[in-house]
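Open the model in your viewer and keep the selection panel at hand. We will go from stop to stop, and at each one you will select something and see what is there.

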There are 2 protein chains.
Amino acid sequence: MFEFKHFFRGAYSVNIGLITFKSGKLFLLLQQKEEYPSQNEIGLPGKIILPNEETEAALKKLMLELLGTNDFYRKQLNAFTAVNRHPLGRVACFSYYGLIPFQNIQKPLSSKLSWEPLNNIPNLCYDHNQIVEMILNRFRKGLLRHPRVFEFLPDQFTITDIITIYEQAFSTKIDASNFGKQILKSDLVMPTGAYRKDSGRPAKLYEFNKSAYIKKPKDKMHFNF
Amino acid sequence: MFEFKHFFRGAYSVNIGLITFKSGKLFLLLQQKEEYPSQNEIGLPGKIILPNEETEAALKKLMLELLGTNDFYRKQLNAFTAVNRHPLGRVACFSYYGLIPFQNIQKPLSSKLSWEPLNNIPNLCYDHNQIVEMILNRFRKGLLRHPRVFEFLPDQFTITDIITIYEQAFSTKIDASNFGKQILKSDLVMPTGAYRKDSGRPAKLYEFNKSAYIKKPKDKMHFNF
DNA sequence: CCAAAAGTGTTGATATTACACCCATGA
DNA sequence: TCATGGGTGTAATATCAACACTTTTGG
């Protein structure tokens with residue numbers, strides 16, 4: 001039988017899939033690993049958690065280091081715990097997904113970091129492709145069920161920005177006319193009075209109206225499947 | 001700085017919130033703890049994971065031991081990782097929630113186990129109340145967004161059974177007429193031809209039609225918030 | 001016949017969908 | 001003036017919610 005101390009042999013890590021929206025496209029933050037055993041492989045940003053460090057604290061520290069800010073939406077997903085997922089010993093990975101407006105990043109990206117298009121994720125180290133798959137699933141569900149778009153749009157955005165994000169996330173074509181009307185009707189979005197000029201007719205700029213969401217606690221009692 | 005080996009000091013545990021439906025009510029399985037430091041306290045069934053044991057394997061072993069079966073729906077939720085959540089050292093807890101038809105339990109319950117009404121959970125050891133809260137949230141969301149009811153109904157059930165579950169889970173009164181029609185329309189449910197007699201008019205017995213769900217992969221592209 | 005629980009029908013209100021159409025800009 | 005993207009209007013259809021009504025049992 002195992003002695004008591006033999007249960008205390010595992011390590012912990014945090015990894016995050018951070019998503020942003022930049023010049024009309026969705027991106028995931030990836031990091032080239034430096035340390036053995038996966039030098040030069042690509043993976044999700046992450047770190048080993050110190051023995052007395054809280055998971056959130058470790059994550060905040062990491063993000064501050066990498067991006068100069070740790071003030072963004074994030075949510076813990078599953079733990080990845082397979083005995084042999086890491087070659088150096090058992091390391092349980094606590095995975096997160098996060099959303100950040102591109103403009104909020106406070107530091108120039110280190111050369112080890114890169115934003116990869118969400119629809120074209122390369123092969124990653126360890127089980128990180130599996131983690132990314134889970135992250136993308138949750139990302140999509142979040143878009144459908146919560147006003148998560150606003151977590152990674154800039155302060156001011158157009159309805160077309162929103163539509164672009166949904167179209168990419170779901171690889172589908174949306175009827176802009178109807179979708180836009182739904183958003184407006186929801187009151188989640190308030191016109192700022194400003195406009196963005198590009199080509200064609202200038203687009204109204206909106207901002208997120210958080211209070212309109214807070215006052216809707218009621219989960220409707222009908223099947224949604 | 002930490003030496004490498006100092007990262008490998010943590011333990012892992014699995015805990016599960018198993019929900020069932022028995023004589024018209026929802027219950028959660030709880031276990032009286034035997035081992036130090038929480039003797040006689042109540043908590044979620046769980047165990048420490050062995051150094052070379054996969055998390056799922058540990059959970060399966062536990063459930064087989066407790067209930068005589070490990071064949072039921074379950075899903076991993078967050079990890080609970082606070083440094084001091086366990087008094088004997090850092091133990092990260094991988095939490096699950098599960099659903100089982102009461103009839104599928106193969107063993108008489110040990111005296112350490114009990115089914116507690118879902119709406120009246122007592123004070124639990126460690127951070128288990130917090131875990132239960134998360135489990136109940138996911139349980140409710142699962143009921144709204146997926147055909148999870150069928151995971152813990154018996155093979156044959158009535159529409160009223162379904163309605164009872166939803167009413168309890170959401171502490172609300174449902175219009176049985178409309179709700180029943182929605183269920184029927186969904187084709188998720190097929191009449192067996194049998195009836196259950198009780199008081200009043202006998203109720204048609206149905207069974208779950210899994211295939212009707214599988215062929216609906218399409219997440220509708222509209223806001224649901 | 002009555003009470004109780006199951007199940008059906010109807011209807012007005014609301015939401016969704018598919019488009020046609022108009023608007024404001026730069027080149 | 002045209003191309004381009006932004007934005008409004010409308011009408012057919014589908015869905016929802018409320019609730020009256022009917023059916024089938026046991027006592």
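**Before you start**

This is a predicted model, in which local features need pLDDT of at least 70 and side-chain atom pairs count only at pLDDT 80 or more, while totals for chains, interfaces and linings use all residues. Residues are numbered from 1 along each chain as its sequence is written, chains are lettered from A and ligands numbered from 1 in the order in which they are written, and side-chain values use heavy atoms, with hydrogens and water left out.

**Stop 1: chain A**

The C-alpha trace of chain A spans about 70 × 45 × 30 Å along its principal axes. Of the 225 residues of chain A, 50% count as buried. Buried means under 20% relative accessible area, exposed over 50%, partly exposed in between (1.4 Å probe, protein chains only).

**Stop 2: the two domains of chain A**

Colour residues 10–143 of chain A as domain 1 and residues 153–220 as domain 2. These bounds come from an automatic or database domain assignment. The domain centres, taken over C-alpha atoms, are separated by 28 Å. Nine residues from domain 1 of chain A and nine residues from domain 2 of chain A make the contact. Contact means heavy atoms within 4.5 Å.

How many residue pairs are in polar contact between domain 1 and domain 2 of chain A? The count is four, with both residues at pLDDT 80 or more. A polar contact is a pair of N or O atoms within 3.5 Å; within protein, one must be able to donate a hydrogen and the other to accept it, and residues adjacent in sequence count only if both atoms are side-chain atoms. Now select β2 (25–32) and α2 (128–145) of chain A: each supplies at least two residues of the domain 1 side that touches domain 2. The largest share of that side, three residues, comes from α2(A).

**Stop 3: where chain B meets chain A**

Show both chains. In all, 54 residues of chain B are in contact with 54 residues of chain A. Across this interface there are 21 residue pairs in polar contact (both at pLDDT 80 or more). On the chain B side, select β1 (11–22), β5 (73–80), β6 (91–99), α2 (128–145) and α5 (176–186), the elements that give two or more residues to the side touching chain A. α2(B) gives the most, with five residues.

**Stop 4: Ala79(A)**

Zoom in on Ala79(A), in strand β5 (residues 73–80) of chain A. Is Ala79(A) buried or exposed? Ala79(A) counts as buried because its relative accessibility is 4%. Leaving aside neighbours within four places in sequence, Ala79(A) is in contact with Cys93(A), Phe94(A), Gln76(B), Ala79(B) and Phe94(B). Next, pick Ser95(A), 16 residues apart from Ala79(A) along the chain: their C-alpha atoms are separated by 6.0 Å.

**Stop 5: helix α4 of chain B**

Finish with residues 159–169 of chain B, which form helix α4. This helix is mostly covered, with eight of its 11 residues buried. Among them are Ile159(B), Asp161(B), Tyr166(B) and Glu167(B). Then step on to Ser171(B), which follows α4(B) and has a positive phi, near 45°.

Notes: Helix = DSSP H or I, 4+ residues; strand = E, 2+ residues; numbered from the N terminus.
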